[in-house]
Amino acid sequence: MAVRACGLIIYRRLQPAPSSNSIEYLLLQTSYGTHHWTPPKGHVDPGEDDLQTAFRETQEEAGLQASQLTLIEGYKKELQYPVRGKPKTVVYWLAEIKDCNTEIKLSEEHQAFQWLKLEDACKLAEYEDMQEMLKEVHQFLCSRD
């Protein structure tokens, strides 16, 4: 059976004026395995819907409450890739942090976090599908301005 996980791509704007340069994305570095960088995400618990999972995992992994985020309508992305020989599906939504100075509080699953401009986020996100998704999100946000 395929593993299913859900998460949020979280971004902040450093200045109120619309500018693609003012957007930064939150990536967390895992404290296990290859210490890869990803947005907050995790497995769907029994009885949860996908979006509930995304918000719960964001709270657990980054200390961010749903009330501190604005879910952005019109963006949802599903990535599929094998993990240890089994298929995995990860569904991401897009959310803006309301206060760009909000403190990030990591769980023991992660050892570091960074707010990164698109180019730097793509460098840290080693997987090609993650890089493509970040670029797609950036285009989506820039087209809304």
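A: A polar contact is a pair of N or O atoms within 3.5 Å; within protein, one atom must be able to donate a hydrogen and the other to accept it, and residues adjacent in sequence count only if both atoms are side-chain atoms. The model is predicted, so local features need pLDDT of at least 70 and side-chain atom pairs count only at pLDDT 80 or more, while totals for chains, interfaces and linings use all residues. Residues are numbered from 1 along each chain as its sequence is written, and side-chain values use heavy atoms, with hydrogens and water left out.

Q: Which backbone oxygen does the side chain of Thr30 reach?

A: The side chain of Thr30 comes to 3.1 Å from the backbone oxygen of Tyr32.

Q: In which strand is Thr30 found?

A: Strands (E, at least two residues) are DSSP runs, numbered from the N terminus. Thr30 belongs to strand S2, residues 23-30.

Q: Is Thr30 buried or exposed?

A: Buried means under 20% relative accessible area, exposed over 50%, and partly exposed in between (1.4 Å probe, protein chains only). Thr30 has a relative accessible area of 1% and is therefore buried. Across the chain, buried residues make up 47% of the 145 residues.

Q: Which residues does Thr30 touch, not counting residues up to four places away in sequence?

A: Contact means heavy atoms within 4.5 Å. On that basis, Thr30 touches His35, His36, Glu109, His110 and Gln111. In the chain, 68% of contacts between residues at least 6 apart in sequence join residues at least 24 apart.

Note on methods: Helices (H or I, at least four residues) and strands (E, at least two) are DSSP runs, numbered from the N terminus.
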